[in-house]
Amino acid sequence: MKMPLNLAVCLCTGLAVFAVVGAEDPYRFFNWNVTYGDIYPLGVRQQGILINGQFPGPDIHSVTNDNLIINVFNSLNEPFLLSWNGIQNRRNSFEDGVFGTTCPIPPGKNFTYILQVKDQIGSFYYFPSLAFHKAAGGFGGIRILSRPRIPVPFPDPAGDYTVLIGDWYKSNHTALKAILDRGRKLPFPDGILINGRASNGVSFAVEQGKTYRLRISNVGLENSLNFRIQGHKMKLVEVEGTHSVQQIYSSLDVHVGQSYSVLVTADQPSQDYYVVVSSRFTSKILTTTATLRYSNSAGPVSGPPPGGPTIQVDWSLNQARSIRTNLTASGPRPNPQGSYHYGLINTTRTLRFSSSAGQVSGKQRYGVNSVSYVSPDTPMKLADYFKIDGVFRVNSISPNPTGGGLYLDTSVLTADFRAFVEIVFENPEAIIQSWHLSGYSFFVVGMDGGQWSSASRSQYNLRDAIARCTVQVYPKSWTAIYVALDNVGMWNVRSEFWARQYLGQQFYLRVYTNTNSIRDEYPIPKNARLCGRAAGRHTRPL
């Protein structure tokens with residue numbers, strides 16, 4: 001059911017942000033009603049989370065620097081939040097939509113997110129961040145087009161498709177959450193969805209000889225997935241907001257939480273072709289299909305779906321190393337992406353984060369540097385802003401692995417504004433991992449097997465490493481990134497393996513400056529909800 005646009009809410013919201021965001025940048029208004037609804041993605045009825053009656057939710061179409069005013073009405077019977085995977089929310093972590101920064105929307109209430117896609121282009125997605133809601137839907141694509149005067153390193157495609165892939169359970173999200181709350185591990189997923197549908201439930205229409213853009217995002221809960229199209233090659237052109245070197249791939253590994261744009265040319269005989277998605281690094285291989293349908297198709301798909309890689313780590317690692325930044329292409333601004341010489345900047349600090357799994361009080365937990373994160377009663381960003389003691393402790397997580405046993409804490413690490421840091425994600429476990437850093441795009445300078453050491457820096461790519469916001473770490477391996485901490489705020493660093501995130505494999509990076517200037521950070525939004533120990537306080541006078 002669509003909600004009528006609440007003009008008063010939107011006008012007040014617009015006035016509230018007018019002084020913060022540039023009046024010259026366009027506004028786009030969205031009015032979303034979040035409801036439960038019956039869905040049947042794997043053939044059995046489930047309780048899904050719908051946005052304006054849709055599963056998956058509607059796409060957000062925008063252009064660099066647009067202001068997005070998204071009024072979300074929560075018609076569920078429990079609190080709800082949306083987060084924006086890859087949207088940097090420059091100087092404004094209050095809007096990030098995770099509990100560490102943003103108060104949940106109570107049942108029957110609304111909240112208007114005020115986002116600006118400042119200096120960003122590319123393909124991203126949004127998702128619900130609380131209570132394992134992600135296992136019920138509520139996600140959708142985000143696309144940010146370049147401004148008309150900014151050159152794009154490929155011709156306009158004939159069509160532009162959002163392709164949301166992910167593993168899926170037949171159980172309701174409430175049942176999955178209950179398993180985790182009892183301290184147990186989730187079973188293996190039941191299937192894979194493409195745009196919310198199982199095998200043969202989706203088709204992508206193409207015309208002979210024309211080229212199409214597919215924006216592929218892995219919105220699943222835990223598994224890396226391989227994407228391929230029968231008889232067709234894919235040209236990679238964009239990775240989470242960075243124009244990439246235009247390599248040709250027959251299949252592409254998309255790790256959980258990641259997004260890619262590929263160009264596909266309909267250059268084969270006119271018929272239908274399989275689009276195949278299958279799980280990676282799993283003992284049981286899950287596979288699903290969609291259809292690439294030529295407009296003058298002479299017949300249905302033929303033959304078996306093409307096979308893909310299964311458990312081969314080296315294959316995936318070599319592909320990951322081949323994904324590099326297009327140095328001559330423009331990004332959100334007209335200057336070439338290669339004009340920022342990250343490899344010539346001295347790092348000011350090295351942070352090493354190691355994942356771990358174990359039992360705490362007889363229940364399954366996961367952690368980072370031995371700390372298993374627990375949510376406080378008040379978003380840390382609000383506690384920081386209002387100077388409320390007792391919500392979190394600064395530097396309650398070590399910047400290096402400790403080797404100790406798991407323990408519970410509200411883990412926050414402080415780093416200096418404008419520092420240029422090296423972060424090493426270390427994975428001593430025998431599973432692949434995927435890490436996301438909110439508020440930033442970082443350079444993936446290296447990844448390899450074994451233990452990281454200072455000698456590992458000799459193999460770093462200091463020229464054209466891809467810049468992105470979500471990166472994989474292979475089993476018993478490490479991945480190193482460089483990031484300029486130029487975005488003040490409280491930013492979530494999390495596992496994209498959603499059960500691990502839910503049970504503690506996350507923390508918050510507090511990028512801090514002691515100056516109080518709008519140049520560095522926006523004031524708290526006037527419409528911000530205040531909860532926990534911040535309830536009853538005031539944001540700012542009108």
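Helix α3 (residues 313–322) lies across β13 (225–229) and β17, running at about 90° to β17. Helices (H or I, at least four residues) and strands (E, at least two) are DSSP runs, numbered from the N terminus. Angles run from 0 to 180 degrees between N-to-C directions, with axes fitted to C-alpha atoms, for helices over the stretch in contact. This is a predicted model, in which local features need pLDDT of at least 70 and side-chain atom pairs pLDDT 80 or more, while totals for chains, interfaces and linings use all residues. Residues are numbered from 1 along each chain as its sequence is written, and side-chain values use heavy atoms, without hydrogens or water.

An open sheet of five strands, with mixed pairing, has the order β11-β20-β19-β13-β17. Each edge strand, β11 (203–206) and β17 (251–254), has a single partner, so one side of each lacks a neighbour in the sheet. Pairing requires at least two DSSP bridges between two strands. β19 (residues 272–279) and β20 (residues 287–294) pair in the antiparallel sense over seven bridges, with Tyr 274 opposite Thr 291 in β20.

## Helix α2

Just after α2, Gly 183 takes a positive phi of about 85°.

Technical notes: Contact means heavy atoms within 4.5 Å.
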